[in-house]
Amino acid sequence: ATQASNIFDAMTHSFNDKEKAETIRFFLSTITSRIATTFIMSHYLSEKKITPSRVYNKLSPLYGSKSSFVNYVALGKKRGYLFHECDKDDRRQKYLYPSPTFVKIWCTFLAKTKGDEISSDINWNSIVDTAVKVKLKKIS
């Protein structure tokens, strides 16, 4: 019962903040989005590069159709939750990164599913550093 309550709280805690609520809806909306988000975030937090094609090829057809994962990545890019960065040596190769805001909301969500709060002295810069660099390249 406690874990179910924690998950409910995590899913609904930010619904008074429109941006956070939309982000949470984005990564919780379907089983495909939940699996894709978890897969992408596990790579990001493990500092492993991941390409969109790796997402599609690894997760489909077992967890959803290839088109559903393609649509998830495309929508994530359109809404600013995900970004591409080209490989330095092979410009055809593009890596997928979450936005800094997406990372923070995801980490907060995960903590809340365990019934925890994110520590106020957490060093977000160390966690979102790569995401910030990729986002800044897209803006400039």
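**Rings and core**

Visitor: How many aromatic pairs does the count come to?
Guide: This is a predicted model, in which local features need pLDDT of at least 70, side-chain atom pairs count only at pLDDT 80 or more, and totals for chains, interfaces and linings use all residues. Residues are numbered from 1 along each chain as its sequence is written, and side-chain values use heavy atoms, without hydrogens and water. Rings of Phe, Tyr and Trp (its six-membered ring) pair if their centres lie within 6.5 Å; planes under 30 degrees apart are stacked, over 60 edge-to-face, the rest tilted. By this rule the number of aromatic pairs is eight.

Visitor: What kind of pair do F26 and F102 form?
Guide: Their centres are 6.2 Å apart. The angle between the planes is 75°, which makes the pair edge-to-face.

Visitor: How many residues apart in sequence are the parts that this pair ties together?
Guide: Helices here are DSSP runs (H or I, at least four residues), numbered from the N terminus. F26 lies in helix α2 (residues 18-28) and F102 in helix α6 (residues 100-113), so the separation in sequence is 76 residues.

Visitor: Are Y81 and F102 buried or exposed?
Guide: Buried means under 20% relative accessible area, exposed over 50%, partly exposed in between (1.4 Å probe, protein chains only). By that rule, both Y81 and F102 are buried.

Conventions: Helices (H or I, at least four residues) and strands (E, at least two) are DSSP runs, numbered from the N terminus.
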